[in-house]
Amino acid sequence: MPRPRQEFIDAFDDQVYGGGLPGAPERRRAGALAADPRDPREQAVAGDDLASDGESAARRPKGGKGRAFAGIAAAAVITVLAVVAAGEFVAGDRGRIALPGASKAPRENNRDTSRSDDRPAAPSKSPAAPVTYARKMAALYPLDERLSGSGVFTTVGGHDKAPGRGEVVRYRVDIEKGLPLDGKLFAEAVQKTLNDPRSWGRRGARTFERVSSGDPDWVITLASPGTTATWCAKSGLDTTVDNVSCDSASTERVMINAYRWAQGAETYGDDRMLTYREMLINHEVGHRLGLGHEGCPKSGALAPVMMQQTKYLATDGRICKPNAWPYPKG
């Protein structure tokens, strides 16, 4: 606790010691500890009943009563001085030094604290935006290029009505059980791709309808590399060399290699996965429609969709640009 200011000490001497005892302030400042024979307290302690300096016995405090009175007065003045000194200390040093226990009690309307009751609450986090079809189709998905799955297929449920004119081609979408890929996304991609104005339904020649029951015209199947190779071999095709897809013409299945679907090809790179997947669907369905392979017609041209773009984009030194559509201009 800080020392009270000197004027309070002097006032204490004046009040307790009868007012203006000669030399009291000076002795206290000098740190004198010797008893003063003129000090009433020293007379009381010595038990002297004689009056000093002409003081009458009637005015002089006697015995224990005098000592008690002096003690009470001293205690009262000390209490007052302590309160005043503490008040000045707090007022003069507020915000720098806290009184004992002050840090444990909260202050009302304290603007120096890190938070206040009237501060606005932190805004709640906005819900994450849904992942769009385009983003899903542009993403890469992990899959082992040597994966050989269960060989058992499951049909993707639902029905997508043919949106166009002309011949209606009904197809079903199957996915191999246990394959860590999104079958619904694959089915949506097939329907959107085949019914795009740039695809095989151009000018109303045909339109494509996805079914999940009955007898479809053919089945577009997403399968592991091992299972794809098995089904393609049934039609005399070897897909193991470059891990590609095929139209297994002697069966009902158009086989899409899940590794290519998940990881794409170097000819397209990682930043054109959506376009590559559209090409993959159009190319294999083109085989089902009776079309064979083509080469690059001239350098700088768009590659024909029936070119083997998973393997290469060049023919006899002519280099084409990647292209997913039979009719790129619509």
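A: In this predicted model, helix 9 contributes the most to the lining of the second largest pocket, supplying five residues. Strand 5 (246-247) also provides at least two residues of that lining, as does helix 9. Sorted by class, the lining comprises eight nonpolar, eight polar and five charged residues. The volume of the second largest pocket is about 360 Å³.

The largest nonpolar core has 37 residues, and the members that touch the most others are Tyr171, Phe186, Leu194, Trp218, Ile220, Leu222 and Trp261. Helix 9 (273-288) is among the elements that give two or more residues to this core, together with strand 2 (167-176), helix 6 (183-194), strand 4 (218-223), strand 6 (253-257) and helix 8 (258-263). Helix 6 gives the most to the core, with six residues. Phenylalanine 186, apart from its neighbours within four places in sequence, is in contact with Val173, Asp174, Ile220, Leu222, Ile256 and Trp261. In soluble globular proteins, nonpolar side chains tend to be buried together.

As to confidence, the protein chain has a mean pLDDT of 77, with 62% of its residues at 70 or more. Over residues 16-117, pLDDT stays under 50, and the model has 60 contacts beyond four places in sequence for that stretch.

Definitions and conventions
Residues are numbered from 1 along each chain as its sequence is written. This is a predicted model: local features need pLDDT of at least 70, side-chain atom pairs count only at pLDDT 80 or more; totals for chains, interfaces and linings use all residues. Side-chain values use heavy atoms; hydrogens and water are left out. pLDDT is the predictor's confidence in each residue, from 0 to 100. Contact means heavy atoms within 4.5 Å. A nonpolar core is a set of buried Ala, Val, Leu, Ile, Met, Phe, Trp, Tyr and Cys residues joined through side-chain atoms within 4.5 Å. Buried means under 20% relative accessible area, exposed over 50%, partly exposed in between (1.4 Å probe, protein chains only). Helices (H or I, at least four residues) and strands (E, at least two) are DSSP runs, numbered from the N terminus. On a 1 Å grid over the protein atoms alone, a cavity is a set of points where a 1.4 Å probe fits but cannot get out, and a pocket is an open set with protein on both sides within 12 Å along at least five of seven lines; lining residues have an atom within 4 Å of a point. Grid points are joined across faces, edges and corners, and a volume is the space filled by probe spheres set on the points. Ala, Val, Leu, Ile, Met, Phe, Trp, Tyr, Cys and Pro count as nonpolar, Asp, Glu, Lys and Arg as charged, and the others, Gly among them, as polar.
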